[in-house]
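Have the sequence and the 3D view at hand as you read.

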Amino acid sequence: MGVVRSAVQGAVAGLAATAAMSAVMAAARGEGRVGRLPPKLLTRRFLPGGREYTPRPGENLATAVAHGGFGTAAGAVFGVLTGGRPPRVRTGLAYGLGVWLASYEGWVPRVTVQPPAHRDAPARTAVMAAAHLVYGCALAAVLRRMRRPRRSAARPVRGAVEDPRGPDTTAER
């Protein structure tokens, strides 16, 4: 499988995985387990004005697009890294945790949106780590399904008995 096809498959899987991850984050927010979520804070930081605590018109759509874009891009990278092979779920879990670690101990604190994960609110840290595990699991599962071999009509199914009269030709008449 080519690099471009692997990346496209990974991107599609990444978008689906981001939807699953976002559902976990929304549920935690709805239950009051976390305050402001990092994707919203990041979007506010990068919108004109640069203040992560000041709401702006259109920020919900911008947040969804930005988060979906990041998850899609991370999925494309995973697709290429797995080399066209169906990934194991544990590989996806490790990848999701790696994305969380690189983000929340790395670049996110550097853009001054929130403290590193080890200094952030424990509830938010737990929710974000769990959401990234969901992302990794879903990413691997979707990509694995996309890459599983398909059975064609020309290949016999294992254990099937061939009709001694030959193929059914009644449909051709």
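## Reading burial

Buried means a relative accessible area under 20%, exposed means over 50%, and partly exposed is anything in between. Please keep in mind that this is a predicted model.

## Helix α1

Let's begin with helix α1, which runs over residues 3-30 and has 28 residues. From first C-alpha to last, α1 reaches 40 Å, close to the 40 Å expected at 1.5 Å a residue. Just after α1, G32 adopts a positive phi of about 75°.

Several α1 residues are buried, among them S6, Q9, G10, A13, G14, A17, M21, M25 and A28. An α-helix has 3.6 residues a turn, so residues three or four places apart point the same way. The partners of the buried α1 residues are α2 (38-46), α3 (59-81) and α5 (122-147), against which they pack.

## Aromatic pairs

How many aromatic pairs does a search of the whole structure find? The search turns up 2. One is F70 with W107, a tilted pair with 5.9 Å from centre to centre and 40° between the planes. This pair links distant parts of the chain, since F70 sits in helix α3 and W107 in helix α4 (residues 89-110), 37 residues apart. F70 has 39% relative accessibility, so it counts as partly exposed. W107 is partly exposed too, because its relative accessible area is 34%.

The rings of F78 and Y95 have centres 4.8 Å apart and planes at 45°, so this pair is tilted. F78 belongs to helix α3 and Y95 to helix α4, so the pair ties together parts 17 residues apart in sequence. Are F78 and Y95 buried or exposed? Both are buried.

How values were computed: Residues numbered from 1 in each chain as written. Predicted model: local features only at pLDDT ≥ 70, side-chain atom pairs only at ≥ 80, totals over all residues. Heavy atoms only, no water. Helix = DSSP H or I, 4+ residues; strand = E, 2+ residues; numbered from the N terminus. Expected span 1.5 Å × (residues − 1). Buried < 20%, exposed > 50% of the residue type's maximum accessible area, 1.4 Å probe, protein only. Contact = heavy atoms within 4.5 Å. Phe/Tyr/Trp six-rings, centres within 6.5 Å; stacked < 30°, edge-to-face > 60°.
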